Amino acid sequence: MCIRDRLLNTAPEEMWTSANMSFALCPLLTSGAIEAISHVGSDQQKATFLPKMTSGEWTGTMNLTESQAGSDLSAVRARAVPEGDHYRIFGQKIFITWGEHNMTANTIHLVLARTPDAPEGVKGISLFIVPKFLVNPDGSLGARNDVHAVSLEHKMGIHASPTCVMAFGDKDGAVGYLIGQENKGLAYMFIMMNEARFKVGLQGLAIGERAYQAAREYAKDRVQGRPVGVKSGDRVTIIHHPDVRRMLMAMKASNEAMRALAYAVAQSLDLARHHPDAATRRRQQARVDLLIPVVKGWLSETGIEVASLGVQIHGGMGFIEETGTCQHLRDSRITTIYEGTTGIQAADLAGRKLNMDQGATMRALIAEIETTADELGRQPGDDLAAIRAGLRAGVTALADATDWMLETRAAEEAMAVSVDYLMLAGFVCGGWQLARSANIAQQKLKHGRDSSFYEAKLVTARFYAEHLLPKADALRASIKNGGVSILALTEDQF
Ligand SMILES: Cc1cc2nc3c(=O)[nH]c(=O)nc-3n(C[C@H](O)[C@H](O)[C@H](O)COP(=O)(O)OP(=O)(O)OC[C@H]3O[C@@H](n4cnc5c(N)ncnc54)[C@H](O)[C@@H]3O)c2cc1C
């Protein structure tokens, strides 16, 4: 049997993030640091740091960003000067999540820095472990290291997560231990990138789910107006108004599509790592590599839309802090920015991942989606027919746009529409997963079990096919019109 740890972990991670995204960020970053040390750390580093980090006694951070080095990490300037069996780290990092706190006895910072003779650009970046407190040979905590927070950012959201400006080496230099080899730091960060980007995508879903639950309760409670066409008699709760239904359905269908896609990718992550057959591992890894930017980009962008609908359903109260809806919108807003903005995800998808095998992995995915549509065609019922029609149209749009992107390659014009392409892939993959679940729901309904749950699945998938998947056509048009008008104005004309 294949291990399914990624898939199993995804469900509680989603729930923790729904409960409190700020707090859930701390284990998210810690697990990234654990991952890096496990993959490329020495035996001694593993023995010193991993037991306390995996038990939660110590937390971890990722120190990449500097004021001049955000999306473009080739501009990192932090210095690492060799000194015996360790290095001395000097420099400043900004926006460091959970950079300083007193929740645990120690914090293990992972830091990108350059050694004195390192080449320019990304080829000269190394990765270091910099503990807040040095660790004695017997495992006890020693002196405070020369690293500390110099200020806290005042943010739009995730207020319970301390985002710090970190100073390294204000005195003698912070003691740091090289992970793996010099100048391979960025490659090591990329090992963890899939997991971290996946988890930030999941944050979009988690906040979307929380926003939906709040909006659903409010819609069942708030009395306002009468049903369409009724002029007198009892007023009704707002869930009876068709437009509120539209918004609730959009939230519910988007969340279910995001969840199904994220969990399918989590399963691929497991198969890529643990499947006994090497060819299957390779195929699944290619699928993961292709879809991670989609999970990060589409889920985070959609999560913001869902949180915004939650505000709208609350009416004026949605704009008032005490309902909590403002927090959902503010918290979700960061998800399209950190761990690579949507623009960076789209450039990765359209510029790198799609072209890496001349589109073969994307075309295999499209063929699988077409097979699902064919399977639906063999089933009876109006719901499945509508879902099939929506999915067919969506996957045709994705196939057309993919051909256009491949022909245009990574030209500036293709990059200008790359976010449209990422969103198109997201809408269609989400619709694909809901179509699969509708197919299963139809089978289950034949046996009469949990009929209310499965009926809702069918209707939700139909709503998605009829109201959200048509966006695929509009996105195809934007893509195939190309980026000419996007790029036409001179800088002075803005
Ligand atoms: C709350 C918060 C927490 C964070 N936590 C951490 C952390 O723990 N550790 C850490 O190291 N960093 C962290 N960051 C930093 C975060 O990862 C960066 O802010 C992010 O990568 C964007 O970099 P930037 O802010 O410099 O924006 P810029 O790179 O300046 O981007 C500005 C705009 O230009 C676009 N852009 C830039 N380059 C390109 C390009 N090549 N192609 C297309 N578009 C482009 C971007 O998409 C964006 O719209 C955090 C940031 C915040 C706000």
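The bend at a residue is the angle between axes fitted to the seven residues ending there and the seven starting there. By that definition helix α4 has a kink of about 45°, centred on M192. This is a predicted model, in which local features need pLDDT of at least 70 and side-chain atom pairs count only at pLDDT 80 or more, while totals for chains, interfaces and linings use all residues. Residues are numbered from 1 along each chain as its sequence is written, and side-chain values use heavy atoms, with hydrogens and water left out.

Helices (H or I, at least four residues) and strands (E, at least two) are DSSP runs, numbered from the N terminus. Helix α4 covers residues 185-221.

Aromatic contacts come next. Rings of Phe, Tyr and Trp (its six-membered ring) pair if their centres lie within 6.5 Å; planes under 30 degrees apart count as stacked, over 60 as edge-to-face and the rest as tilted. The count comes to five aromatic pairs. One of them joins Y87 and F128 edge-to-face, at 5.0 Å centre to centre and 65° between the planes. This pair links distant parts of the chain, with Y87 in strand β3 (residues 86-97) and F128 in strand β5 (residues 126-131), 41 residues apart. Y87 is buried at 11% relative accessible area, and F128 is buried at 0%.

W298 and F427 form another edge-to-face pair, 5.7 Å centre to centre with 70° between the planes. W298 belongs to helix α6 (residues 278-313) and F427 to helix α12 (residues 418-446), so the pair ties together parts 129 residues apart in sequence. W298 is buried at 0% relative accessibility, and F427 is buried at 7%.

A search of the whole structure for disulfides (cysteine sulfur atoms within 2.5 Å) finds zero. Among the cysteines, C326 is buried at 11% relative accessible area and C429 is buried at 0%.

Methods: Buried < 20%, exposed > 50% of the residue type's maximum accessible area, 1.4 Å probe, protein only. Expected span 1.5 Å × (residues − 1).
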